[in-house]
Amino acid sequence: FATALALLPDDAWTEQYELTLAVHSETAEAKHVAGHHADTFELLDAAMERARSVLDTVELLRLRVAILNDIGDIPTLVRYGLRALALLGIDVPVDPEALRTSADRAVTSVQERLAGLSVEDVANAPVIDDPTTLAAAKLIASLLPPASVTPDLFALLTSHGVSLALDNGKTGALAYAFALHGAVVAQRLGDDAACHWCMDVALHL
């Protein structure tokens, strides 16, 4: 990857945008694996400055989230993850009290929407093909493991993931959200039946 990066011409971002973006992203991942984190973030910063679309920016932020998760920098990871979600129209409060209120409302709202649905109703939904929705699903899936240390954030993210599926259809990343939402409803609502139902849906997505 370093060779590919070195061979890019001076006008690469203008004349070969997709290739240049891919080379920067993949070289950043390779640098991370090699332990060269300063180089990793320098490459991601350079790509962010040249990103032409919201979806490209979100994907670069998602990659940064994954790398920050690997090195254990959860506070920075959350900051970048929330920035990416905001670009996709998903606003998450930073204030702890506001976050708790939003999480409680989201969990309750999702439970109301799930009432009366069968596993098949969700499992037989069309596969999501909208790029923005797919980006949101992937980003939420990337954020859920580190978010587990912050229960209100975790609950809000699983609720957003389940809502995405109910609104738009199914994709593998949202199966993960359903499975983890089962744990949320068991813990916050004491609803073991809903927990098992969510797990069942996850297995069928």
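**Exercise 1. How many positive and how many negative side chains does the chain have, and how far apart do the centres of the two sets lie?**

Solution. Begin with the counting rule, under which Lys and Arg are positive and Asp and Glu negative, while His and the chain ends are not counted. Each charge is placed at NZ of Lys, CZ of Arg, CG of Asp or CD of Glu. The count then gives 13 positive and 28 negative side chains, with the centres of the two sets 3 Å apart.

The model is predicted, so local features need pLDDT of at least 70 and side-chain atom pairs count only at pLDDT 80 or more, whereas totals for chains, interfaces and linings use all residues. Residues are numbered from 1 along each chain as its sequence is written, and side-chain values use heavy atoms, with hydrogens and water left out.

**Exercise 2. Describe the overall build of the chain from its secondary structure, span and burial.**

Solution. First, assign the secondary structure from DSSP runs numbered from the N terminus (helices: H or I, at least four residues; strands: E, at least two); the result is 12 helices and 0 strands. Second, take the extent of the C-alpha trace, which spans about 60 × 35 × 25 Å along its principal axes. Third, apply the burial classes (buried under 20% relative accessible area, exposed over 50%, partly exposed in between, with a 1.4 Å probe and protein chains only); of the 205 residues, 46% count as buried. Finally, consider contacts, meaning heavy atoms within 4.5 Å: among those between residues at least 6 apart in sequence, 64% join residues at least 24 apart.

**Exercise 3. Trace the salt bridges made by E59, and state where the partners lie.**

Solution. A salt bridge requires a side-chain nitrogen of Lys or Arg within 4 Å of a carboxyl oxygen of Asp or Glu, and a search of the whole structure finds 8 of them. One joins E59 to R62, whose closest N and O atoms are 2.8 Å apart; both residues belong to helix α5 (residues 54-71) and are separated by 3 residues, about one turn of the helix. K138, at 40% relative accessibility, is partly exposed.

**Exercise 4. Work out which parts of the chain the R100 and D152 pair links, and which network the pair belongs to.**

Solution. The side chains of R100 and D152 meet in a salt bridge of 3.3 Å, N to O. R100 sits in helix α7 (residues 96-114) and D152 in helix α10 (residues 151-168), so that distant parts of the chain, 52 residues apart, are linked. R100 counts as partly exposed at 45% relative accessibility, while D152 counts as buried at 13%. Through salt bridges that share partners, R100, D104, D152 and R188 are joined into one network.

**Exercise 5. Classify the ring pair formed by W13 and Y17.**

Solution. Rings of Phe, Tyr and Trp (its six-membered ring) pair if their centres lie within 6.5 Å; planes under 30 degrees apart are stacked, over 60 edge-to-face, and the rest tilted. The whole structure contains 2 aromatic pairs. For W13 and Y17 the ring centres are 5.9 Å apart and the planes stand at 55°, so the pair is tilted. As for burial, W13 is buried at 12% relative accessibility, and Y17 is likewise buried, with a relative accessible area of 6%.
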